[in-house]
Amino acid sequence: MTIKNYERDFFKEAHQLLKKQGYKNYIQSLLPGGKWQNNEYVVLNPTRNDTKPSSFSINGNTGKWADFATNEAGNDLIGLTAYVKSITPLESCYHIGVPR
C-alpha cells in the first residue's frame, strides 16, 4: 500500500463556496450597510476614514472591487476579504468557510 499526498486547492474551494452562497449575499455579510446600484455594491471602505460610499464598490457578478479614492483594487472576493479583514489570502479562504 502506498501513501499518496493529495494537495488541496483552498482557493478553488473558497470560490466554490462563494458561488454556492452567492456573491451578493457574501458581499453584504462582509460589508453591511451598503446599497446596490445595478450590479455594483457601494459601501464605505472600513479600512480607512471613508465619507463617500461611492468611492468603494464591488461587482456582484464578478467579485472585482475597487477603491477609487486610493486606487486599490482586486479581482475577487478572496482578495476583498483579505483587504477588508487585514489577513492573508489563505486566511480569507478559512474566513469564507473552507475547512482547515
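Here are a few exercises, with worked solutions, on the structure shown above.

The model is predicted, so local features need pLDDT of at least 70 and side-chain atom pairs count only at pLDDT 80 or more, while totals for chains, interfaces and linings use all residues. Residues are numbered from 1 along each chain as its sequence is written, and side-chain values use heavy atoms, with hydrogens and water left out.

**Exercise 1. The overall layout**

*Solution.* 
- Start with the elements, which are DSSP runs numbered from the N terminus: helices (H or I) need at least four residues and strands (E) at least two.
- That gives four helices and five strands.
- For the dimensions, the C-alpha atoms fill a box of roughly 60 × 25 × 20 Å along the principal axes.

**Exercise 2. What covers helix H3?**

Find how many residues of helix H3 are buried, and which elements they pack against.

*Solution.* 
- As background, buried residues make up 37% of the 100 residues in the protein.
- Now take H3, residues 77–85: seven of its nine residues are buried, so the helix is mostly covered.
- Those buried ones are Leu77, Ile78, Leu80, Thr81, Ala82, Tyr83 and Val84.
- Next, look for their partners, with contact meaning heavy atoms within 4.5 Å.
- On the helix side, they pack against H1 (10–21), H2 (23–30) and H4 (89–96).
- On the strand side, the partners are E3 (56–59), E4 (65–67) and E5 (72–74).

**Exercise 3. Rings that pair up**

Count the aromatic pairs, then sort out how Trp36 and Tyr41 are arranged.

*Solution.* 
- Trp36 and Tyr41 make a tilted one, at 4.8 Å centre to centre with 50° between the planes.
- Tyr41 is buried because its relative accessible area is 1%, whereas Trp36 is partly exposed because its value is 27%.
- Phe56 and Trp65 form an edge-to-face pair, with 6.2 Å between centres and 65° between planes.
- Both Phe56 and Trp65 are buried.
- Ring pairs also link Phe56 and Trp65 with Tyr83 into a cluster.

**Exercise 4. Lys35 and two asparagines**

Decide whether Lys35 is buried or exposed, and say where Asn38 and Asn71 lie.

*Solution.* 
- Lys35 belongs to strand E1 (residues 35–37).
- Lys35 is exposed because its relative accessibility is 60%.
- Leaving out residues up to four places away in sequence, Lys35 touches Glu40, Tyr41 and Val42.
- Asn38 is in the loop between E1 and strand E2 (40–42), and its phi is positive, near 60°, in a residue other than glycine.
- Asn71 sits in the loop between E4 and E5, with a positive phi of about 65° although it is not a glycine.
- Asn38 is exposed because its relative accessible area is 76%, and Asn71 is exposed because its value is 69%.

Notes:
Buried means under 20% relative accessible area, exposed over 50%, partly exposed in between (1.4 Å probe, protein chains only). Rings of Phe, Tyr and Trp (its six-membered ring) pair if their centres lie within 6.5 Å; planes under 30 degrees apart count as stacked, over 60 as edge-to-face and the rest as tilted.
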